[in-house]
Every structure is written in C-alpha cells, then in structure tokens.
Amino acid sequence: MTETCLIIAEVGVNHNGEISKALELVAAASEAGADVVKFQAFSVDELVSKGTPMAAYQRRGSGLQDQESLLRGLEFGVGDWERIADECLSRSVEFLATAFDPLNLDMLMRIGLRRIKIPSGEITNLILLRKISEYDCPVIMSTGMAATEEVAQALEILIKAHSVPRAIDL
C-alpha cells in the first residue's frame, strides 16, 4: 500500500460568516495546491448555551458579549454549504467540514462529504461518535485536547462499527 500525504487547508470559521469570503478561501486553497479545504459546521443552538461568556481576546476583537452572539454570525445554512461544496468540486479540491453535532453531520453527508473529521474537543461527544459510526467512510480524528483514555474510548466506539480512523492528528 502506498502512503500519501493529504494537504488540508484549514478555513474553519475564517470566512467571518460571509459566503463570498468562504468561496474566495476555497479558490485560494485550490490555487495553493491543497487537496482538501476544511470548514466547521455547527448549529449555535446545539453548540453553546445562552449567555456563555467569551474569552477576553474574543471580546476585544469583536465587541460582542457572549459566545452565542459571536457564533451566530459564523453559522452557515444548508444552501451556503451546498455552494461551498459546489465551489470545491469546480476547483477540483475536496470539500470537508467538521460537524459538531449529528444533524450537521447528516446534512454534510447528504451534500457530498467524503470523509469525516472529528475535532479533539468532540472526542467525548458519544452521541456524535455513534452517529459518525453509522457512515462507512474515512475518518480523521484529532486528539490534541483529549486524554489517552478518551481517545481509546472513541476508537472503541468507531472500531465496533468498523469506522476505524485512517488518520489521527496528534
């Protein structure tokens, strides 16, 4: 088996909630030679509680008072994700978005996600891991924020479903 290196351009939420900026970042990643462009897909209502405070650096940079307000401006709808996926396809770069909840994962899979990325902060999200295990596709698992025991538990859930991560980002 030949090992290959996959170059993933991390966009995350650097589009600042602007679809035009997201499409520009896809173009830039493609022109730079990236194989994959990765975003973050979340539902504010599923991700944070009302009134969750922001870190000091976030308040300074945004002028907002809570996480909900900050993230609401970064949330994309299904139509936006479809446009981004189409732009990736037209530029011959793979579309990838980290889903932070099962509903976003299902939506992303419907629009053509070919692999699943598990962020290290979600390794203990057993509901999300069980949903991921329903799909038969490559999985990339980041482990930077996780303890060894948490990684082992996540792997056990995925292995039982035969969704063994093909890459682990330490």
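Helices (H or I, at least four residues) and strands (E, at least two) are DSSP runs, numbered from the N terminus. By that rule, Lys-117 has its place in strand S4 (residues 116-118), while Lys-50 lies in the loop between helix H2 (44-47) and helix H3 (56-62). The model is predicted, so local features need pLDDT of at least 70 and side-chain atom pairs count only at pLDDT 80 or more, whereas totals for chains, interfaces and linings use all residues. Residues are numbered from 1 along each chain as its sequence is written, and side-chain values use heavy atoms, with hydrogens and water left out.

| Residue | Relative accessible area | Class |
|---|---|---|
| Lys-50 | 68% | exposed |
| Lys-117 | 12% | buried |

Leaving aside neighbours within four places in sequence, Lys-117 is in contact (heavy atoms within 4.5 Å) with Lys-38, Leu-96, Thr-98, Ala-99, Ile-140 and Ser-142. The side chains of Lys-117 and Ser-142 are also joined by a polar contact of 2.8 Å, a term for a pair of N or O atoms within 3.5 Å in which, within protein, one must be able to donate a hydrogen and the other to accept it, and residues adjacent in sequence count only if both atoms are side-chain atoms.

Lys-50 and Asp-66, which are 16 residues apart in sequence, are 7.9 Å apart in space, C-alpha to C-alpha. For Lys-117 and Pro-102, 15 residues apart along the chain, the C-alpha atoms are separated by 13 Å.

Technical notes
Buried means under 20% relative accessible area, exposed over 50%, partly exposed in between (1.4 Å probe, protein chains only).
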